[in-house]
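Here is a short briefing to read alongside the model. It covers a strand pair and its sheet first, then a ligand shell.

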Amino acid sequence: MRLSRYFLPTMKDTPAEAQIVSHRLMLRAGMVRQASAGIYSWLPMGFRVLQKIEQIVREEQDRMGGQEMLMPTIQSADLWRQSGRYDAYGPEMLRITDRHEREMLYGPTNEELITNIFQAEARSYRDLPKQLYHIQWKFRDEVRPRFGVMRGREFLMKDAYSFDLNYDGAKESYNKYFVCYLRTFARLGLKAIPMEADTGPIGGNLSHEFIILADTGESAVWCHKDFEDADAANLTVNYDDSKAVQSVVDHFTSLYARTDEKHDQAMFESQVPADKRIERRGIEVGHIFYFGTKYSDPFGAVVAAPDGGEVPVHMGSYGIGVSRLVGAIIEASHDDAGIIWPECVAPYKVGLVNLRVNDDTCVVACDQAYAKLQDAGVEVLYDDRDVRPGAKFADMDLIGLPWQLVIGPRGLEKGVVELKSRATGEKQEMSLESALAKLS
Ligand code: ATP
Ligand code: MG
Ligand code: MG
Ligand code: MG
C-alpha cells in the first residue's frame, strides 16, 4: 500500500480524552475513531490488526477441535426469560423493541442462544462432546466505558461453548481450552497468567481469568513471581491425550494466582515467599468457565445416556476479548515514540521510506524495492508522500511497523539502504538486495 493513497489520519498531539497510552496511541496512529461513547469505527490500519488477532485466535480454536459458526448480534428476550437472566442482567443489557412490539436485545454473550440451538438437535451421548465458537460483536452498556477499546460498549469477542456428558468430560474440555488459551496469548506475544476466578453460585474451581499484568488494568490480582518466567510460547500438546493436557494445566495452576474475588491474603502469604509476591493490577483478556447444567436444565438440553435415561449436558463457556487485545498488546509493547507491534499482529511487516520523492534514482530504487517485497508476499507500507524526512520517521515510529527500510540519495550513492528494527532501534546499512533477502 502506498501511504499517499492510504487513509491513515495520524495525529501529532495527544488527544485530551485518552487517559491511557494504548488509547492515545490508537487515536494518534489512526487506528480507530469514536462513533459514540464506547463505540468505535475501525479505520484501515486498526482493522488490519484486529483481523490478525482474530485469525490467530481462530487458528488456535480450530487446532483444539473447536468448530466455528456465527450467531446473530440480535437475540430474542424470550430466550433470556427462559434462563432467568433477562431481569438479572440489569442495565448492562441493551434492550430493543421491534415494529411488532417484540422485545429483542443486542447480545452481551450467547449461552442462551447456543443452548437453545444445541437442545433442538442433540439426541444422544454419541453427539458429544462438541466445542462450538463464534467471533462476533457484543454489546454491554457499561456504566463507565473507558480506555478506548479496552472497555468499549460494543466489542468483538470470541466466545466458545462446550457440551459434554458429565463433569469428567466437561473438565477435559475445560482443560483443552486452558491450554488453547495459553498458546493463543503466547502466539500474540503476551504473557497472560491464568488466575483462579470466582465461579459464583456454581462453585468448584473451574474458572480462570487470563490476565496481563499492567498498571492500567482494572482488576486487582495476586500471584507468584515465577509466572513471569513461565513460557507457553513453545507449548505443544496432543489435545487428544487428556493426561498430557491435564499435566500442562497442573503445571500452570501449581502456583498462587488469584483475582480479587478469590484472593485470600493468609493463603497468599503462606504459599508465596515474601520476595516472590506480586500484588498488582491486570487486564482480563480471557475467561474460561465451567457452569455444569445451569443452562441445559432450563432449556431442556438433554441427551440419552449410555445406560438409558436422559441427562442434561454439562457445559462451559470460554471468552476472549479480541478487540480488547488490540489495546492490551499496545499497553505491553510501546515506547515514547509510539507502538511497537509484535510481528505476528503488525498491520504491515515493513515500512518503506523514500527520503526524497523528487529524486529519480531514489524513486526508481524505492519502486523496485516495493515491487519486490510485494512479489515476495511481504506486507509493505510505502511512504511515498512528499513530506519532510523527520515527519516520515515520526509517523513510522508512531505506527510501529516491525521494520523500516529507509532509502535516500546519499545511501544510494554508496550503494546502501538502511534497515531499522522498531523494537531494538538498531539500524544497519546494507545493499538493497541483502535488505530484501532479510525481509522476505
Ligand atoms: P470485565 O471484568 O472486564 O468487565 P467480564 O468479566 O465482564 O469483563 P466476560 O463476560 O468474562 O467479561 O467476557 C469475556 C471477555 O470479553 C473478557 O475476558 C474480556 O476480555 C472481554 N470483554 C468483556 N467486557 C468487555 C468490554 N466492555 N470491552 C472490551 N472487551 C470486553
Ligand atoms: Mg464486565
Ligand atoms: Mg471480569
Ligand atoms: Mg470475565
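Strand E22 (residues 417–421) and E23 run antiparallel, joined by 4 bridges. Strands pair if DSSP finds at least two bridges between them. Strands (E, at least two residues) and helices (H or I, at least four) are DSSP runs, numbered from the N terminus. This is a predicted model: local features need pLDDT of at least 70, side-chain atom pairs count only at pLDDT 80 or more, and totals for chains, interfaces and linings use all residues. Residues are numbered from 1 along each chain as its sequence is written, and chains are lettered from A and ligands numbered from 1 in the order in which they are written.

**The sheet**
- Lysine 420 has lysine 427 in E23 as its bridge partner.
- The open sheet has 5 strands in the order E20-E19-E21-E22-E23, with mixed pairing.
- Strand E20 (380–383) and strand E23 (427–430) are at the edges with a single partner strand each, so one side of each has no neighbour in the sheet.

**Around ligand 1**
- Of the 15 residues around ligand 1, Phe155, His287, Gly319, Gly321 and Arg324 come nearest. A residue is near a molecule or strand if its C-beta atom, placed from the backbone, lies within 6 Å of it.
- E13 gives the largest share of this shell, 4 residues.
- Strand E8 (154–164), strand E13 (277–292), strand E16 (314–321) and H10 each supply at least two shell residues.
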